[in-house]
Amino acid sequence: MDGWQVWDLVGRLGGQLRVTTGAVLGWDIGAALAMAQALGINTLIAAELLPEIEAVMVRKLNEQMEGSRDG
């Protein structure tokens with residue numbers, strides 16, 4: 001159940017992106033963990049899972065952005 005709650009949290013983190021010109025850097029993890037706590041999600045599990053999900057999200061978003069500049 002905790003994993004599904006973290007996945008739901010991921011869907012809510014769109015406004016917590018750290019970006020620079022032309023690249024996504026990741027989420028504001030402090031804000032993400034505060035949101036997890038406010039939603040009653042186990043913050044230890046969120047702290048374990050979010051960096052792994054974040055790495056994939058950053059890679060995929062940056063690939064998409066790079067593809068849209070090339071095409």
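Colleague: Which residues does Trp27 touch, not counting residues up to four places away in sequence?

Modeller: With those neighbours set aside, Trp27 touches Val10, Leu13, Gln16, Leu17, Arg18, Leu50, Ile53, Glu54 and Met57. Each is called a contact because heavy atoms lie within 4.5 Å. The model is predicted: local features need pLDDT of at least 70, side-chain atom pairs count only at pLDDT 80 or more, and totals for chains, interfaces and linings use all residues. Residues are numbered from 1 along each chain as its sequence is written, and side-chain values use heavy atoms, with hydrogens and water left out.

Colleague: How many helices and strands does the chain have, and in what order do the elements run?

Modeller: There are three helices and two strands, and from the N terminus on they run α-β-β-α-α. Helices (H or I, at least four residues) and strands (E, at least two) are DSSP runs, numbered from the N terminus. The C-alpha trace spans about 40 × 20 × 15 Å along the principal axes of the chain.

Colleague: What makes β1 and β2 a pair?

Modeller: Strand β1 (residues 17-20) and strand β2 (residues 23-27) are joined by four bridges in the antiparallel sense. Thr20 stands opposite Ala23 in β2, and Arg18 has Gly26 of β2 as its bridge partner.

Colleague: Why is Gly26 called buried?

Modeller: Gly26 has a relative accessible area of 0%. Buried means under 20%, exposed means over 50%, and partly exposed lies in between (1.4 Å probe, protein chains only). Gly26, at 0%, is therefore buried. Beyond four places in sequence, Gly26 touches Gln16, Leu17, Arg18, Glu54, Met57 and Val58.

Colleague: Is Gly22 buried, exposed or partly exposed, and how do you know?

Modeller: The relative accessible area of Gly22 is 32%, so Gly22 is partly exposed. Gly22 is found in the loop between β1 and β2. In this hairpin, which has two residues between the strands, Gly22 takes a positive phi near 80 degrees. Leaving out residues up to four places away in sequence, Gly22 touches Met65 and Arg69. Gly22 and Met65 are 43 residues apart in sequence, and their C-alpha atoms are 7.5 Å apart in space.

Colleague: Why is Arg69 called partly exposed?

Modeller: Arg69 has a relative accessible area of 48%, and is therefore partly exposed. Arg69 lies in helix α3. From C-alpha to C-alpha, Arg69 and Ile53 are 25 Å apart in space, and they are 16 residues apart in sequence.

Colleague: What makes Ala36 a buried residue?

Modeller: Ala36, in helix α2, has a relative accessible area of 0% and is therefore buried. Apart from neighbours within four places in sequence, Ala36 is in contact with Leu9, Ile41, Thr43 and Ala46.

Colleague: Which residues have the most contacts inside the largest nonpolar core?

Modeller: They are Leu9, Leu13, Trp27 and Leu50, in a core of 13 residues. α1 (2-11), β2, α2 (29-38) and α3 (43-70) each supply at least two residues of this core, and α3 gives the most, with four residues. The name applies because a nonpolar core is a set of buried Ala, Val, Leu, Ile, Met, Phe, Trp, Tyr and Cys residues joined through side-chain atoms within 4.5 Å. In soluble globular proteins, nonpolar side chains tend to be buried together.

Colleague: How many positive and negative side chains does the chain have?

Modeller: There are 5 positive and 9 negative side chains, and the centres of the two sets lie 5 Å apart. Lys and Arg count as positive and Asp and Glu as negative, while His and the chain ends are not counted. The place of a charge is taken as NZ of Lys, CZ of Arg, CG of Asp or CD of Glu.

Colleague: What percentage of the 71 residues in the chain is buried?

Modeller: Buried residues make up 21% of the 71 residues.

Notes. Pairing = 2+ DSSP bridges.
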